[in-house]
Amino acid sequence: MRLSCEVDVVNRLLPSHNVRKAKRGCHAQVSLGRKPAASASRSGSQLFLMVCTAKDRNGAKYVIKNNVSQVFAKFVSEGKATIRFKEPEQDLCLSKADPLQLKSLLSLVRAGAQGQDLDRVTLSSLAPASTKQVEKPRTELTVTSRKEYPVTSRFPASLEVLTVHSCGMKRLDPRILHLSRIHTLDLSLNALTSLPDDWGRLSCVSTLILTDNQLSEIPSALWKSQLCETIAVLDVRNNHIATIPLQICELHKLACLRLDNNGFDSLPPTIGKLTNLKELAVAQNKIKVLPAGFAQLRLENLDVSDNPFDLSVEGVTGEERLVFPTLMECVARAIRKYRIPYTEEDLFPQLFHYLAAARQCWCGNFCFTCSARYFSHVSLRHLVSNSYSASPGITTAPIEGFLCSQHCLTRFKNNPRAYWRN
Ligand SMILES: [Zn+2]
């Protein structure tokens with residue numbers, strides 16, 4: 001029974017001598033076993049827990065039987081646990097372990113401490129650990145050419161940061177999908193045309209960089225998997241993404257979104273839902289107007305340069321649609337307002353598609369085709385707290401929004417800029 005993890009040995013006597021030890025764990029191999037000579041005779045054989053580190057490969061040994069005063073296993077599912085020994089008066093704090101392996105180690109330690117027979121379990125012979133077994137697992141890997149790409153060898157399972165540049169990768173290597181600890185994945189300068197729907201065990205990625213590829217859409221795996229709870233930085237500059245899907249607004253942890261040089265002409269109207277967004281770059285696209293939802297963002301940096309902003313339109317169109325909303329409109333508004341859950345099977349197709357085209361009025365209500373459209377201008381300075389980049393001479397941006405009722409229309413006409421901060 002062997003376990004690779006981080007170990008911090010805490011001496012419980014230190015505080016009583018007024019000494020405080022800085023918490024410093026190190027990578028170690030923890031094994032449970034008997035000495036070979038003892039196991040041959042069995043009778044009287046002592047069960048030990050051995051902790052081998054790079055500094056001490058022979059390992060420190062702890063007697064198990066009648067020597068474990070407590071096992072703290074509340075966070076075992078996160079790979080953490082503490083074993084408290086009576087003699088010496090030390091606590092072994094284990095972390096970064098595989099939860100399943102840790103669980104079985106702890107149950108063996110408990111059984112061994114009570115003096116139970118562990119004959120059926122394959123125990124370690126307590127031999128000193130090899131250098132490889134105690135060296136710190138690799139957490140970063142950078143590959144910058146095809147030659148360096150691991151074709152025959154494996155990607156280390158401990159990787160947290162993986163960078164693969166200029167390898168001509170056309171599809172995501174399935175082996176990468178098994179690296180469950182990755183939080184930063186950079187696949188820039190490749191030839192990716194699409195990404196899989198299922199991202200397997202890649203569940204804690206917070207930074208995803210896909211610049212300079214051939215992507216035609218933003219990977220849907222982002223909102224179809226656990227990644228929608230973790231993604232904070234998404235960089236898809238220099239691709240061929242023609243539309244930005246509404247679902248991108250579900251990535252509520254998103255703080256930095258870079259979409260430069262793709263060729264799309266609009267941003268999702270619900271972009272205001274990205275309340276954590278601090279940096280947005282949409283330069284070199286074909287955006288003529290920005291959605292009114294922009295007003296809800298609290299941006300620090302914004303780049304809107306090289307977009308063909310149309311500043312010629314201003315005012316309200318489609319006022320007549322507000323007079324008598326259709327029955328379909330009333331139903332759709334009610335579904336949205338009361339957040340009634342539905343699936344494609346629950347509704348008739350027209351209503352289902354009608355619901356997908358939701359617009360939000362500045363009052364917060366949802367409306368659909370029975371709404372008036374307004375165009376206004378807003379100072380870019382008011383949109384960001386820190387700095388903005390725009391084409392030369394551009395200081396205002398055109399925005400497009402919708403009005404759900406006569407009441408909102410009147411308010412808008414009285415003060416078209418009330419919607420915007422300051
Ligand atoms: Zn309204």
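## The largest pocket

The largest pocket holds about 1400 Å³ of space. Of its 33 lining residues, P137, P156, A157, S158 and R181 are the closest to its centre. This is a predicted model, in which local features need pLDDT of at least 70 and side-chain atom pairs count only at pLDDT 80 or more, while totals for chains, interfaces and linings use all residues. Residues are numbered from 1 along each chain as its sequence is written, and side-chain values use heavy atoms, with hydrogens and water left out.

A pocket here is an open set of points on a 1 Å grid over the protein atoms alone, where a 1.4 Å probe fits and protein lies on both sides within 12 Å along at least five of seven lines; lining residues have an atom within 4 Å of a point. Its volume is the space filled by probe spheres set on the points, which are joined across faces, edges and corners.

At least two lining residues come from each of β1 (2-11), β2 (26-33), α2 (99-113) and α3 (131-134), and β1 gives the most, with five residues. Helices (H or I, at least four residues) and strands (E, at least two) are DSSP runs numbered from the N terminus. The lining divides into ten nonpolar, nine polar and 14 charged residues, where Ala, Val, Leu, Ile, Met, Phe, Trp, Tyr, Cys and Pro count as nonpolar, Asp, Glu, Lys and Arg as charged, and the others, Gly among them, as polar.

## The zinc site

The SG atoms of C361, C363, C404 and C408 coordinate the zinc ion at 2.2 to 2.4 Å; donors are N, O and S atoms within 2.8 Å of the metal (3.2 Å for Na, K and Ca), and sites may look incomplete since water is not among the atoms. The angles among the four donor atoms are 105 to 114 degrees, and the site is tetrahedral, a term that requires all angles to lie between 85 and 135 degrees. The donor residues follow the spacing C-x1-C-x40-C-x3-C in sequence. C404 is buried at 7% relative accessible area, and C408 is buried at 3%; buried means under 20%, exposed over 50% and partly exposed in between, with a 1.4 Å probe and protein chains only.

## Strands and their pairing

Strand β6 (residues 81-85) has four of its five residues buried, so it is largely enclosed by the rest of the structure.

| Strand pair | Bridges |
|---|---|
| β5 (residues 68-72) and β6 | four bridges |
| β6 and β7 (residues 90-95) | four bridges |
| β20 (residues 372-379) and β22 (residues 396-403) | eight bridges |

T82 in β6 is the bridge partner of F72, and C93 in β7 is the bridge partner of T82. Elsewhere, four strands form an open sheet of mixed pairing in the order β15-β22-β20-β17. In this sheet β15 (290-291) and β17 (315-317) stand at the edges with a single partner strand each, so one side of each is left without a neighbour in the sheet.

## Backbone geometry in loops

β6 and β7 form a hairpin with four residues between them; P88 lies in that loop, and a cis peptide bond with omega of about -10 degrees joins E87 and P88. N66, although not a glycine, has a positive phi of about 55 degrees; N66 is in the loop between β4 (60-63) and β5 and is exposed at 53% relative accessibility.

Conventions:
Four donors count as tetrahedral if all angles lie between 85 and 135 degrees; four count as square planar and six as octahedral if opposite donors are over 155 degrees apart and all others between 65 and 115; anything else is irregular. Two strands pair if DSSP finds at least two bridges between them.
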